[in-house]
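Here are my notes for anyone opening this entry for the first time. Have the view ready and follow along point by point.

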Amino acid sequence: MVFSSLTFLFGYLPLTLALYFLTPLRRRNFVLLLLSLFFYGWGEPVYVGVMFLSIFIDYTHGLLVEKFRSRDRLARWFVGQSVVFNLLLLGFFKYWDFLAANLSLLPGVDLPKLGLPLPLGISFFTFQTMSYTIDVYRRDAPVQRNVVDFGTYVTLFPQLIAGPIVKYKTVAAELVCRTVTSRDFAEGACRFTAGLAKKVLLANAAGALWESCLSSQSAGTLTMAGGWTGLFAFGFQIYFDFSGYSDMAIGLGRMLGFRFGENFDHPYLSASVGEFWRRWHMSLTSWFREYLYFPLGGSRAGTARTLRNLAVVWFCTGFWHGASWNFILWGLYFGAWLILERFVFRGLLARTPVWIKRAYTLAVVFVGWGIFAMEDLGVCGSYLAVCFGGGPLWSAADGYRLRSWAAVLLLLVLGSTTLAVDVWKKVPERGRKVLAPVLMGLGLALSTAYLVDGSYNPFLYFRF
Amino acid sequence: MTTGYSRFLSAFFCVFLGGLLAWHVLLPDRDRSEVENRTLARFPEFSWEELKDGGFTKGVEDYFADQFPLRDQWTGLKARTEQLLGKREFNGVYLCGDALIAKVEPPRDGLEEKNLSYVARLAEAAEVPVYLGLIPSAAEIRKDDLPKGAESWDQVAFIAQAAELEGVESIDFLSALRPFRADQFYRTDHHWTSRGAYSGYRAVMEALGRGEEAEQERQGGFWPQVYSNQFQGTLYSQSGVHWLEPDTIELWASDVGLSVTSWRDGSPREAPLYDLDKLETKDKYAVFLGGNQPLCVIKNPEGTGKLLLIRDSYADSMAPFLARHFEEVHLLDPRYYRYSAVKYAEENGVDAIAVVYSVPNFITDRNLVLLTQ
């Protein structure tokens, strides 16, 4: 189930909230666990088994690490075992087909492709549970002895399928004891609505524009203007989609009494690629920093090691996003820019005016989205070639697209800045009190209208 | 935020979600949607097997969406919002002033080439001359009215290509429809109007070498009479644009002296040329011959010649004109008629076969392979 579906909004969510708040405090984790499993099993019921396995293994490994704390080698062994298990789980479901296809290119190797559907959110929950065992070992988090509480953490439906990646230590206390004030609930509801509108109204509109540019590419009529329009459209789509989803998750968490960390901080305002990654999908960047980059030695062990570590981290970051070469390339592309910024451009960037740095960052990021969006590297190459002058500049179709999407593009651009927040803060208290329910009603109603329209499927005997 | 105000906001949120849920539950399920012209999903039957492969939950989602309260109104709200944002395209339909025009997507899998070759093979197998008439849709005829720069597949080039087809005579609908271009198609439906069907009929007669005859009939007169001014067609449904003036349905040709036999449910039955009851339903275009059917024969003892039309629904409104001239007009719809067209032509002694399709249908239809039987 996804948040932006009618079944979730008008079926699962109201029933879940009702059940949750009707349950006495000490039973809430249990109810939440059951509800989250239901949520998880909705799309692929069989994969609830994967979830149980994951809960069981990480729960026992946490206990084992704690039990053998005095024997460090053994404790480390169990941490390693848990990491290996999670990576195998992820590797099997997400990467098997990719590895099989590529290894089979070698002479004498023939591995079958399995074509298994990817268990929902597996990239997120395996990373979360890995952080748990490691944190227990590092004494950053207390061990969890209650399997229901632990299971609640692993399956917690708001962040289960698309993040943010919530580290165990950030919610450890709330898992045991949390309160929901009416203010928490109201602010969570506002946040959720904002996220829903970002996803349904803005991201999908940007997505349609991207699709339109992409279809020009396959029809061979793409122009330079169209190419860049498409890259920007995709960049906006993924930002509003992903950050909208994070907003919904944070809002839902808040309504249930959890405070998750922020995941996006207006990344398109960044003045360097490095800054971009500190403001984009922050929970993932910080996960890699904490559990991969630092353990590898970070930047404290000389230039050569730093370079190696950056390459490893960005290879992994790219590969985490998908089992395909373009994602690896995309990760390494950012790794290269970060290395350049750190070792080559540092002085130059310090002297450059901020608006030029922002433009440079956007250009790097949006070209990156081109690599990200097109899995077929051949298509990707010819698309980017058109963007950089390998095709006509402009066509009538570009004019049509820009006119049709002008208002949407303006909303997308403004929505990527802090303008809305700034304006909201300037509105006097009384105005905000009136506006909040109006905006909430509007956001919910319009999102509903777009969702219903999406399911609207006239059989038009169209052919006849 | 004070506690009281927080409670108010929270309640507002919950009432919106819970209220629509309650409404959904209390609202009796509908069997079908008139606007969408299809059966709506019912709550699926539970079985472990279905649950395991995800079919059950998918079924629940379909049910939930199909039976959602105020479905048509939500769609209308979306279209209005899009209009406010300056969009001109609504679910694949362009809003062009007071008319809706469906965008034509490029054909897939080379279907358009395949379908042409099936017609050529029909011509090889048939003993009588075979004609092919491709009706350009409004997106071509009213090209100038489309939003500037809006894309739609090039139908003219395809029609020209079809005209070159070996062993097949072509019917030139393009030139016939170009004059009076604004009146040839409904504004809220993808079909041609009676005016458009009349132009089409003239083109067919011309191609068959009986243009003179049609010209004379014109003197005798077809009498346009308005039968409905409340027609909201397929494009109205598809686009969600609900604010346009409804279309007018005119009937031009008299049904006096004609007998119509329809094979709607497999066996021959007497049927009206104009099924006026259909004017009371949403799908008012079905007034012509009562709508889709596998086979229909119109007989006119005063006419001459027997014509077999292999056709889509555009022919429904053209048939009344043709019936004034032919002793028999046979209308065969390959979507429902699954037997050999060649054999049918032989058994019924027809003098000519005309394959008459609108371009959007011709390039997407997967039933034309039956012509090669």
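The points below go through the interface, a sheet and the cysteines.

1. Before anything else, keep in mind that this is a predicted model. Every value I quote is computed from its atoms.

2. Start where chain A meets chain B. The size of an interface is often given as the accessible area lost when the parts come together. Here, about 5600 Å² is buried between chain A and chain B, with carbon and sulfur atoms giving 68% of that area. On the residue side, chain A puts 59 residues into the contact and chain B puts in 67.

3. How many salt bridges are there between chain A and chain B? The count is one. You can find it by looking for Lys78(B) and Asp453(A), whose side chains meet at 3.2 Å, N to O. As for polar contacts, eight residue pairs turn up across the interface of chain A and chain B, with both residues at pLDDT 80 or more.

4. Which elements of chain A give two or more residues to the side that touches chain B? They are four helices of chain A: H1 (6–22), H9 (182–219), H18 (396–415) and H20 (429–455). H20(A) gives the most to that side, with 16 residues.

5. Now move to chain B for a bit of sheet. Three of its strands form an open sheet, ordered S3-S4-S5, and the pairing is antiparallel. At the edges sit S3 (89–90) and S5 (99–102) of chain B, each pairing on one side only. S3(B) is joined to S4(B), residues 93–96, by two bridges.

6. On to the cysteines. A disulfide is a covalent bond between the sulfur atoms of two cysteines. Over all chains, the count of disulfides in this model is zero. Take Cys380(A), which is in no disulfide: the nearest cysteine sulfur belongs to Cys387(A) and is 9.3 Å away. Is Cys380(A) buried or exposed? Its relative accessibility is 4%, so Cys380(A) counts as buried.

7. Cys14(B) counts as partly exposed because its relative accessibility is 34%.

How values were computed
Residues are numbered from 1 along each chain as its sequence is written. Chains are lettered from A and ligands numbered from 1 in the order in which they are written. This is a predicted model: local features need pLDDT of at least 70, side-chain atom pairs count only at pLDDT 80 or more; totals for chains, interfaces and linings use all residues. Side-chain values use heavy atoms; hydrogens and water are left out. Two strands pair if DSSP finds at least two bridges between them. A disulfide is a pair of cysteine sulfur atoms within 2.5 Å. Buried means under 20% relative accessible area, exposed over 50%, partly exposed in between (1.4 Å probe, protein chains only). Contact means heavy atoms within 4.5 Å. Buried area is the accessible area (1.4 Å probe) that two parts lose on being put together, summed over both. A salt bridge is a side-chain nitrogen of Lys or Arg within 4 Å of a carboxyl oxygen of Asp or Glu. A polar contact is a pair of N or O atoms within 3.5 Å; within protein, one must be able to donate a hydrogen and the other to accept it, and residues adjacent in sequence count only if both atoms are side-chain atoms.
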